[in-house]
Amino acid sequence: MKPFSSSFTAEEKDYFMQQAIAEAKKAYQLGEVPIGAVVVYQKNIISRGYNLRESTQDATTHAEMTAIKAACQSVESWRLEECQLFVTLEPCAMCSGAILLSRIEEVYYGAKDPKGGTVGSFMNLLEDDRMNHQAYVETGIREEECGLLLTNFFKELRQKKKEAKKAKNN
């Protein structure tokens, strides 16, 4: 893999991750798993996305997939060679595949996903030199905030299910 370093200052990374978190909060409000993403080109956000699997009943409507699709439409090309992706949770295999196939150069994510993350946790597809393309990866940007969104969401979901079960049994 070619040597690479981030194109962003710490402040810029923080700003773009805040924007991804804002997208995750939109998903949260819809009762979706709160994951958000933004695609950046020349330090400008060109697309946004958030998880919509429950709303669409479509397994492919992850935040990254939605943002990548919109970015391709924005630049009128499937190639996102000079783009960066900011996402609140470590991408899964499907999203990592889309990142590689769209040629995104840099990926920044907040929280790790030890059960399904393929950008360092479970495996590392984006930096595997056996692949046709690799991406620079940086983790842990606003990690605690990104993780808390998910933790709180699932805690509330479990509580709602518990209350519904209790109401059903009464």
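α4 is followed by arginine 103, whose phi is positive, near 70°.

The model is a predicted one, in which local features need pLDDT of at least 70 and side-chain atom pairs count only at pLDDT 80 or more, while totals for chains, interfaces and linings use all residues. Residues are numbered from 1 along each chain as its sequence is written, and side-chain values use heavy atoms, with hydrogens and water left out.

The protein chain holds five helices and five strands, and from the N terminus on its elements run α-β-β-α-α-β-α-β-β-α. Its radius of gyration, taken over C-alpha atoms, is 16 Å, close to the 15 Å that the globule rule gives for 170 residues, so the chain is as compact as a globular protein of that length; the rule is 2.2 Å times the number of residues to the power 0.38. Along its principal axes the C-alpha trace spans about 60 × 30 × 30 Å, and buried residues make up 44% of the 170 residues.

The five strands form an open sheet in the order β2-β1-β3-β4-β5, with mixed pairing, two strands being paired if DSSP finds at least two bridges between them. Because β2 (44–50) and β5 stand at the edges, each with a single partner strand, one side of each is left without a neighbour in the sheet. From one strand to the next the twist averages 15°. Within the sheet, β1 and β3 pair in the antiparallel sense over five bridges, and valine 39 stands opposite leucine 85 in β3. The helix α3 packs on the sheet, touching β1, β2 and β3, and its direction makes about 140° with that of β2; for such angles, axes are lines fitted to C-alpha atoms, for helices over the stretch in contact, and the angles run from 0 to 180 degrees between N-to-C directions.

Leaving aside neighbours within four places in sequence, leucine 85 is in contact (heavy atoms within 4.5 Å) with residues including Val39, Ile99 and Tyr108.

Most residues other than glycine have a negative phi. Glutamine 42, in the loop between β1 and β2, has a positive phi of about 50° although it is not a glycine, and at 53% relative accessibility glutamine 42 counts as exposed. Glutamate 76, found in the loop between α3 and β3, has a positive phi near 55° and, at 75% relative accessibility, counts as exposed. Aspartate 128, in the loop between β4 and β5, counts as buried at 14% relative accessibility.

Conventions: Helices (H or I, at least four residues) and strands (E, at least two) are DSSP runs, numbered from the N terminus. Buried means under 20% relative accessible area, exposed over 50%, partly exposed in between (1.4 Å probe, protein chains only).
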